[in-house]
Amino acid sequence: MLSPLFQEVFDSVRTQLEGFRAFALVGEDGVVIEKVSADSTLDPETLFEFATILRIAQHTSEATANGQLTEMSWTASRCLMLAHRVSGGSFLILAGEPGLRVGFARYLLRRAAWELRPQLENAPR
């Protein structure tokens, strides 16, 4: 069951972004906290694997003295993935078709992170 705020943010992104495939909130440990998908191939296990890539990139960024990873994107032949840090080690991941409007998708993802951040920072641990 999606939290009302996540559902509201998701609906906003989905309706504004042509080529949308999935939207997820992934915790520091790579576990999918919230997810909505229009594509059955982007299941929690697949998103967990993408979160593993984020953790590797985070470690590399810190190990090379480049600081904390805040955003990452990658493109495969059938999918474009964007990730943006929300709070602590949590990331929002947006998946879309390769022809997705990347600049607009990044804007929507940053705005979604801004909207969700207060709820995540005040959530009980």
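Buried here means under 20% relative accessible area, exposed means over 50%, and partly exposed covers what lies in between, using a 1.4 Å probe and protein chains only. By that scale alanine 65 is exposed, because its relative accessible area is 70%. Before going further, note that this is a predicted model, in which local features need pLDDT of at least 70 and side-chain atom pairs count only at pLDDT 80 or more, while totals for chains, interfaces and linings use all residues. Residues are numbered from 1 along each chain as its sequence is written, and side-chain values use heavy atoms, with hydrogens and water left out.

Back to alanine 65. Its place is the loop between helix H2 (44-63) and strand E3 (71-75); helices (H or I, at least four residues) and strands (E, at least two) are DSSP runs, numbered from the N terminus. Alanine 65 has a positive phi of about 60° although it is not a glycine. For background, most residues other than glycine have a negative phi.

Serine 61 sits in helix H2 and counts as buried because its relative accessible area is 13%. Not counting residues up to four places away in sequence, serine 61 touches Asn66, Gly67, Gln68 and Leu69, where contact means heavy atoms within 4.5 Å.

Leucine 42 is buried, since its relative accessibility is 4%. Setting aside residues up to four places away in sequence, its contacts are Arg21, Ala22, Lys35, Ser37, Leu47, Phe50 and Ala95. Leucine 42 and histidine 59 are 17 residues apart along the chain, and their C-alpha atoms are separated by 24 Å. Over in strand E2 you'll find glutamate 34, which counts as buried because its relative accessibility is 12%. Its C-alpha is 9.5 Å from that of proline 44, 10 residues away along the chain.

Now for helix H3. H3 (residues 102-121) has 20 residues and reaches 27 Å from its first C-alpha to its last, close to the 28 Å expected at 1.5 Å a residue; that expected span is 1.5 Å times one less than the number of residues. There is a kink of about 35° at glutamate 115, shortly before proline 118, the bend being the angle between axes fitted to the seven residues ending at a residue and the seven starting there.

Which residues of H3 are buried? They are Ala105, Leu108, Leu109, Ala112, Ala113, Leu116 and Leu120. An α-helix has 3.6 residues a turn, so residues three or four places apart point the same way. The buried residues of H3 pack against helix H1 (4-16), strand E1 (20-26), E4 and strand E5 (90-96). From the E4 side, take serine 87, which belongs to strand E4 (residues 80-87). Serine 87 counts as buried because its relative accessibility is 12%, and leaving aside neighbours within four places in sequence, serine 87 is in contact with Arg117, Leu120 and Glu121.

That packing leads to the nonpolar cores, each a set of buried Ala, Val, Leu, Ile, Met, Phe, Trp, Tyr and Cys residues joined through side-chain atoms within 4.5 Å. Of the 22 residues in the largest one, Phe6, Phe23, Leu92 and Leu94 touch the most other members. H1, E1, E4, E5 and H3 each supply at least two residues of this core, and its largest share, seven residues, comes from H3. Apart from it lies another core, of 18 residues, among them Leu47, Ala57, Cys79 and Met81.

Finally, the aromatics. The structure holds four aromatic pairs, where rings of Phe, Tyr and Trp (its six-membered ring) pair if their centres lie within 6.5 Å; planes under 30 degrees apart count as stacked, over 60 as edge-to-face and the rest as tilted. One of the pairs, phenylalanine 10 with phenylalanine 20, is tilted, at 5.6 Å centre to centre and 55° between the planes. Phenylalanine 10 lies in helix H1 and phenylalanine 20 in strand E1, so this pair ties together parts that are 10 residues apart in sequence. Both phenylalanine 10 and phenylalanine 20 are buried. Phenylalanine 104 and tyrosine 107 make a stacked pair, 6.2 Å centre to centre with 20° between the planes. These two are separated by about one helical turn because they are three residues apart in helix H3. Phenylalanine 104 is partly exposed at 23% relative accessibility, and tyrosine 107 is partly exposed at 40%.
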